[in-house]
Protein chains: 2
Amino acid sequence: MTTNPAAQAVAAPQNGQSNGQAAGAAQRAGAGGQPVPVAEAVIDPRKFRRALGNFATGVTVMTASADGRKVGVTANSFNSVSLDPPLILWSIDKRSGSYPVFAQASHFAVNVLAVGQIALSNQFARPGDDRYAGVPHRSGVGGSILLENTAASFQCEKHQIIDGGDHWIMIGKVVAYDDNGRDPLLYHQGAYSMVLPHPELEEREEVNAPRTEFHSRLVDNYFYLMSQAMRAHQEACQPERRQGGWSAGESRVLLVLDADQPVDLATVVHQAVMPAREVEPVLRLLRERGLVRQEGSGFVLTPEGHRQAQAVWDMARRQQDRVFAPFSDEEKALFADMLKRVIVRC
Amino acid sequence: MTTNPAAQAVAAPQNGQSNGQAAGAAQRAGAGGQPVPVAEAVIDPRKFRRALGNFATGVTVMTASADGRKVGVTANSFNSVSLDPPLILWSIDKRSGSYPVFAQASHFAVNVLAVGQIALSNQFARPGDDRYAGVPHRSGVGGSILLENTAASFQCEKHQIIDGGDHWIMIGKVVAYDDNGRDPLLYHQGAYSMVLPHPELEEREEVNAPRTEFHSRLVDNYFYLMSQAMRAHQEACQPERRQGGWSAGESRVLLVLDADQPVDLATVVHQAVMPAREVEPVLRLLRERGLVRQEGSGFVLTPEGHRQAQAVWDMARRQQDRVFAPFSDEEKALFADMLKRVIVRC
């Protein structure tokens, strides 16, 4: 997520809590009718960035070339602006080594990554100049570069560059595009995610008593039932998860490190399904809080770290035990077995 | 999705296909090194908007007030720009009746909607001035308005307004925020969606042979197994779905209408889990293609419409039959029963 500010500060320690000072000042101001100037200092960049992470986005790789230098950067700041003329925008860190090429190039391309393209996202977020190594791609308009198997791509003529604080806002006019319709890769709370169709969640008592033809056909579809179960589960777990105080990315790192052996950075990145640039600040935070220490090239939890990780596992276990209490051990074993065979057979 | 251009044109008929003319021109240009001017006419707004829908985003409600008039608009064009100073942006249709209030107000607030807030998203995307009717809210800084139970909110001082074609790009400087950490509502391919954590999808043969402590604990978690099964399913179905040529939103409308009785608009909106503004262009498209006709205040499929809907159901059924072939009817019945009880018990 190189080019989004949400990726440039380290994660903040507390989740699920209001940014008390600033919000308090703002609310007092709002209630009184007249806005009160709020000091710059109340915006803690770590907490601000963490709050921004609640807005889920797709992931793109922006590409351009000029004077024989090809650049590509991972960005989640993409959005559409206008249909007539067709304009889109994204923003790039003013300190980015790739910016001079984007500034010089006449065109750039937006590659919207598909759900299976985590490796590409990581590769184009990595420091270094060999980002295209091993990446199948073809030429786009004006030296822009199109990656293969994306969800969509937009080839743009550079339209305008606007000052956006520590970033440049790049506005492009779309001159060509491809719509591949693949499921997209998502980015949320510091971790990679994917899209789950939002099921029409009927009132609980109606699950076994469908009223419409549409619904009565859906309840025969196991994948639809699974998506409803996932949604019900997420909603039920939410209050408890927030009490835990960890963002999605933070709890994933904690769980991956809950092992007897030191875990190296590459393994954390892979198993936590997060960008390396998100894992590093989380590790720093966990070290600051005395939960993680480095051992050789790996990371291990301290006793307190293991205790926190155990609390996260316990929370998941309690929820699962509560939901699956009515089932016999044989039924539960069959359920898990069927799910594993679905994973293998799909 | 009032303020995003992706919501302002009608949906285009074909999915999963390259925008041949424009892309072809662009690729020829790119291959030759020199960009060739591409005529405006090659961007079909319907197809362009449909391609933009591949980039998944969260959903926000933007609020402000001035001269005693409170406005609120649903937008998915939000993104972060800068950490220092803390800047965010979004864009609003120049024709929006709410724009004069945003232009006059000194501040606005960004309300990032949580997964359960579809009704709020729809309410603030609806024409009319009573958008706050029945909506719990409180005052924010400078007349902005904060909705309850959102995933996050950002209170902003108006920083700059930039011309963005048929939209104004609104840049705000964040002066206060709340981070509630709730799961977000998503918007993708014309339909509401939600976030599914991206599971580390091991090689198929490793599902039953976990190698790490992290993984061996995860495979005992039914919800993790379900998320892996959902991902495997989505990836397996993708090629077939694209052959069908329907976007997520289009196929949902088709399936909801596949009934013996006419279905009214409100029911389609509810059951397809889509914004009304997205359902209407889909219905128009389906009528143009002879798949839907109006009957009184409801909509019914034509025989050809039923045939297309049946093809979508059949596709899902074939996939399910293939994946679940090894299981006995008793096992399948137990699986479905367990899922339904999970939904009820969560």
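Q: What should I keep in mind about numbering and cut-offs here?
A: Residues are numbered from 1 along each chain as its sequence is written, and chains are lettered from A in the order in which they are written. The model is predicted, with local features needing pLDDT of at least 70 and side-chain atom pairs counting only at pLDDT 80 or more, while totals for chains, interfaces and linings use all residues, and side-chain values use heavy atoms, with hydrogens and water left out.

Q: How many residues does each chain put into the contact?
A: Chain A gives 166 residues and chain B gives 166 residues, where contact means heavy atoms within 4.5 Å.

Q: And how much area do they bury between them?
A: About 15,000 Å², 64% of it on carbon and sulfur atoms; buried area is the accessible area (1.4 Å probe) that two parts lose on being put together, summed over both.

Q: Which residues form the salt bridge across the interface?
A: The rule finds one salt bridge there, and A:Arg50 forms it with B:Asp179, the closest N and O atoms being 4.0 Å apart; the rule asks for a side-chain nitrogen of Lys or Arg within 4 Å of a carboxyl oxygen of Asp or Glu.

Q: Which helix of chain B gives the most to that side?
A: Helix α6 (residues 222-244) of chain B, with 17 residues; helices (H or I, at least four residues) and strands (E, at least two) are DSSP runs, numbered from the N terminus.

Q: Which strands join the two chains?
A: Strand β12 (residues 191-197) of chain A and strand β12 (residues 191-197) of chain B run antiparallel and are joined by five bridges, with A:Val195 having B:Val195 as its bridge partner. Strands count as paired if DSSP finds at least two bridges between them.

Q: Switching to chain B, what is the strand order in the seven-stranded sheet?
A: The open, antiparallel sheet runs β3-β2-β6-β9-β10-β5-β4, and its edge strands are β3 (69-75) and β4 (79-82). Within this chain, β9 (residues 152-164) and β10 (residues 167-179) pair over 12 bridges, and B:Gln160 stands opposite B:Ile171.

Q: Which strands stand at the edges of the three-stranded sheet?
A: In the order β13-β15-β14 of chain B, the edges are β13 (263-264) and β14 (292-295), each with a single partner strand, so one side of each is left without a neighbour in the sheet. Two bridges join β13(B) to β15 (residues 298-301) of chain B, and B:Val263 stands opposite B:Phe299.
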